Amino acid sequence: MKTGINGEMLWYKAFGENFDGSGIFDVNQTTDGGFIVAGTTHKYDSWGDPFIMKLNSCGESEWCRIYTSTPDTFDYTNSIYPIPGGYIAYIYRTGDLYANDHIHLFRLDPYGDLLWQQQYALSDTLFSGAAGEHMMVTADYRYLINGYCYYPDSGTVEPKYLRPLIIKVDSTGN
């Protein structure tokens, strides 16, 4: 729904098919006055696949991409931001609670085509259950993902405790 400055409804749009289980997790305005919408859809996988849709300023769809990844896991686009030359999306992949394969960034061109993807929180074997909660873009186009993981005290391997996790990524995905 788009409203005017006084709250009057200018237009209302509904997307998806009845009962397709789609859900929206993030919306941001694009530089052309349109919107970039991100979430999950159950169109191809009953558990859910990440999707991203670009709308023009009137709420009409310009393109929509469903990024099928792993079947039978609830995967969704948690955060989406316009950046120069396209978009950056934080994709969350569910699965084994203590696995470390949940955190992904997708770099997209202006039409939603994948330029690169990276997976994070794999480099330290002491991580367990690494998960991101949100992504933000810094003024110099770096990406910060905040979340949590289970990690032991320094100098030990066990037990592992719930700890904050911050991942900083440069504009090339490293």
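**Note on an all-strand model: cysteines, sheets and hairpins**

1. Cysteine 64 counts as partly exposed, with a relative accessibility of 38%. The terms used here are buried (under 20% relative accessible area), exposed (over 50%) and partly exposed (in between), for a 1.4 Å probe and protein chains only. The model is predicted, so local features need pLDDT of at least 70 and side-chain atom pairs count only at pLDDT 80 or more, while totals for chains, interfaces and linings use all residues. Residues are numbered from 1 along each chain as its sequence is written, and side-chain values use heavy atoms, with hydrogens and water left out.

2. Which cysteine sulfur is closest to that of cysteine 58? It belongs to cysteine 64, and at 18 Å the two are too far apart for a bond. Cysteine 64 is in no disulfide either, as its nearest cysteine sulfur is that of cysteine 58, 18 Å away. A disulfide is a pair of cysteine sulfur atoms within 2.5 Å. By this rule the count is 0 disulfides. Cysteine 58 is partly exposed, at 42% relative accessible area.

3. Next, the overall make-up. The protein has 13 strands and 0 helices. Both are DSSP runs numbered from the N terminus: helices are H or I with at least four residues, strands E with at least two. Along the sequence the pattern reads β-β-β-β-β-β-β-β-β-β-β-β-β. The C-alpha trace spans about 60 × 40 × 35 Å along its principal axes. Of the 174 residues in the protein, 44% are buried.

4. Strands 3-4-5-6 form, in that order, an open sheet of 4 strands with antiparallel pairing. Two strands pair if DSSP finds at least two bridges between them. Strand 3 (23–29) and strand 6 are the edges; each has a single partner strand, so one side of each is left without a neighbour in the sheet. From one strand to the next, the twist averages 15°. Axes here are lines fitted to C-alpha atoms (for helices, over the stretch in contact), with angles from 0 to 180 degrees between N-to-C directions.

5. Inside this sheet, take strand 5 and strand 6. Strand 5 covers residues 49–55 and runs antiparallel to strand 6, joined by 5 bridges.

6. A second open sheet has 3 strands, in the order 11-12-13, and antiparallel pairing. Strand 11 and strand 13 are its edge strands, each pairing on one side only. On average, and with direction ignored, neighbouring strands of this sheet are turned by 20° against each other.

7. How many bridges hold strand 11 to strand 12? There are 7, and the pairing of strand 11 with strand 12 (residues 143–152) is antiparallel. Methionine 136 stands opposite leucine 144 in strand 12. The hairpin of these two strands has 5 residues between the strands. There, tyrosine 141 takes a positive phi near 60°.

8. Proline 152 stands across from lysine 160 in strand 13. Tyrosine 150 stands across from leucine 162 in strand 13.

9. Glycine 132 belongs to strand 11, residues 128–137. Its relative accessibility is 4%, so glycine 132 counts as buried.

10. The last pair is strand 9 (residues 103–108) with strand 10 (residues 114–120), antiparallel over 6 bridges. Histidine 104 has glutamine 119 of strand 10 opposite. The two strands form a hairpin with 5 residues between them. In its turn, glycine 112 has a positive phi of about 85°.
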